[in-house]
Amino acid sequence: MGEPAPALRQDVPKLELVDLSVSYRSQAGDSIEAVRDVSLAIADKPGIGEIVVLLGPSGCGKSTILKCVAGLISPTKGEVLLDGQPIQGLGRDRGMVFQSYTSFAWLTVLENVAYGLRLQGIAKSKAHELAMGYIELVGLKDFAMRYPKELSGGMKQRVAIARTLINRPKLLLMDEPFGALDPHTRWDMQGLLLDISRKEDNTIILVTHDVTEAVYVGDTAFVLTSRPARILKRCDIPHFQRRDLALKSSSEFRATEQQLLDALYAPSSPSS
């Protein structure tokens with residue numbers, strides 16, 4: 001008989017921020033403190049898709065935190081740990097979806113989604129086969145051979161999500177990805193995000209300043225102060241049996257919204 005499988009390390013968070021602070025200089029030479037002493041832990045839940053929301057006012061430093069997790073910028077102080085290991089620079093274990101559309105204009109949807117696999121040396125036929133699976137996941141099967149200029153904003157964002165998911169990241173990082181979309185398309189994309197969280201074994205970290213969006217898609221929300229970003233409150237979102245349009249007018253949904261709003265606008269000090 002082989003060796004028994006090692007026990008899961010339940011004590012090691014999937015993601016941990018330890019006293020994270022970020023300061024930088026503006027073009028005018030002024031020192032700007034974007035993030036101050038942020039510490040949080042997101043539990044490792046194998047096999048469970050989870051959506052964690054960073055909620056705070058525009059310009060508070062939410063995106064700066066996300067970029068530290070992505071490895072795009074380095075903290076001034078503190079550290080970011082993924083599965084207990086310090087994050088140092090970019091890595092395929094983290095995938096980033098921005099608010100702006102990032103598809104290559106000269107490639108089809110299929111080629112855009114398969115692009116990362118081709119860079120890894122995967123054969124074209126295999127890369128395209130895998131890409132089609134994710135294109136179907138995001139609802140673009142009939143648009144695989146179209147170019148970005150032929151797509152709506154929501155479709156372009158679906159391409160960006162598929163192109164990120166195909167690399168099977170442990171963390172899917174989303175920086176206000178639906179902020180530029182109209183309300184109907186935004187509703188569709190929120191539904192897509194919920195589908196992805198049920199079908200993909202990864203943790204999604206979503207940055208938003210929209211309280212309703214945080215309650216509708218989130219499992220956990222961290223409420224942040226205005227800049228420099230600090231944590232005001234951690235809120236566990238109720239497990240709603242159904243997430244549909246009617247949910248948003250329910251008393252439980254409204255009560256959770258109010259809880260987050262109270263935290264956002266309360267004059268109390270940030271949590272430690």
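**A loop residue, its pocket and the strands beyond**

Modeller: G49 is found in the loop that connects β2 and β3. Please bear in mind that this is a predicted model.

Biologist: What is G49 in contact with, leaving aside its neighbours within four places in sequence?

Modeller: With those neighbours set aside, G49 is in contact with S197, E200, N202 and D219.

Biologist: How far apart in space are G49 and I196?

Modeller: The C-alpha to C-alpha distance between G49 and I196 is 7.8 Å, although 147 residues separate them in sequence.

Biologist: Which residues line the second largest pocket?

Modeller: G49 is one of them, and the lining also includes I51, L194, S197, R198, V217 and D219. The stretch H239, F240, Q241, R242 and R243 contributes as well. Helix α5 (residues 183–199) supplies the largest share of this lining, with 3 residues.

Biologist: How much space is in there, and what is the lining made of by class?

Modeller: The second largest pocket holds about 250 Å³ of space. Its lining divides into 4 nonpolar, 4 polar and 4 charged residues.

Biologist: And what is the volume of the largest pocket?

Modeller: The volume of the largest pocket is about 590 Å³. It is lined by 24 residues, of which R94, G95, M96, T164 and N167 are the closest to its centre. Two or more lining residues come from each of β6 (94–97), α2 (109–119) and α4 (153–165). By class, 12 of the lining residues are nonpolar, 9 are polar and 3 are charged.

Biologist: Is β8 enclosed or open to the outside?

Modeller: β8 is largely enclosed by the rest of the structure, because 6 of its 6 residues are buried. Both faces are covered, with T203, I205 and V207 buried on one side and I204, L206 and T208 buried on the other. In a regular strand, side chains alternate between the two faces of the sheet.

Biologist: Take T203, then. Why does it count as buried?

Modeller: T203 counts as buried because its relative accessible area is 7%, and the cut-off for buried is under 20%. T203 lies in strand β8 (residues 203–208). Not counting residues up to four places away in sequence, T203 touches K14, I42, E50, V52, K170, L171 and L172.

Biologist: What about the antiparallel sheet: in which order do its strands come?

Modeller: The sheet is open, and its 4 strands follow the order β2-β1-β4-β5 with antiparallel pairing. β2 (31–42) and β5 (85–86) are the edge strands, each pairing on one side only.

Biologist: How many bridges join β4 to β5?

Modeller: Strand β4 (residues 77–82) is joined to β5 by 2 bridges, and the two run antiparallel. L81 stands opposite P86 of β5.

Biologist: Which helix packs on that sheet?

Modeller: Helix α1 (residues 62–70) packs on the sheet and touches β1 (15–25), β2 and β4. The direction of α1 makes about 115 degrees with that of β1.

Definitions and conventions
Residues numbered from 1 in each chain as written. Predicted model: local features only at pLDDT ≥ 70, side-chain atom pairs only at ≥ 80, totals over all residues. Heavy atoms only, no water. 1 Å grid on protein atoms, 1.4 Å probe; cavity = no way out; pocket = protein on both sides within 12 Å on 5 of 7 lines; lining within 4 Å. Points joined across faces, edges and corners; volume = space filled by probe spheres on them. Nonpolar A, V, L, I, M, F, W, Y, C, P; charged D, E, K, R; others polar. Buried < 20%, exposed > 50% of the residue type's maximum accessible area, 1.4 Å probe, protein only. Contact = heavy atoms within 4.5 Å. Pairing = 2+ DSSP bridges. Axes fitted to C-alpha atoms, helices over the stretch in contact; angles between N-to-C directions.
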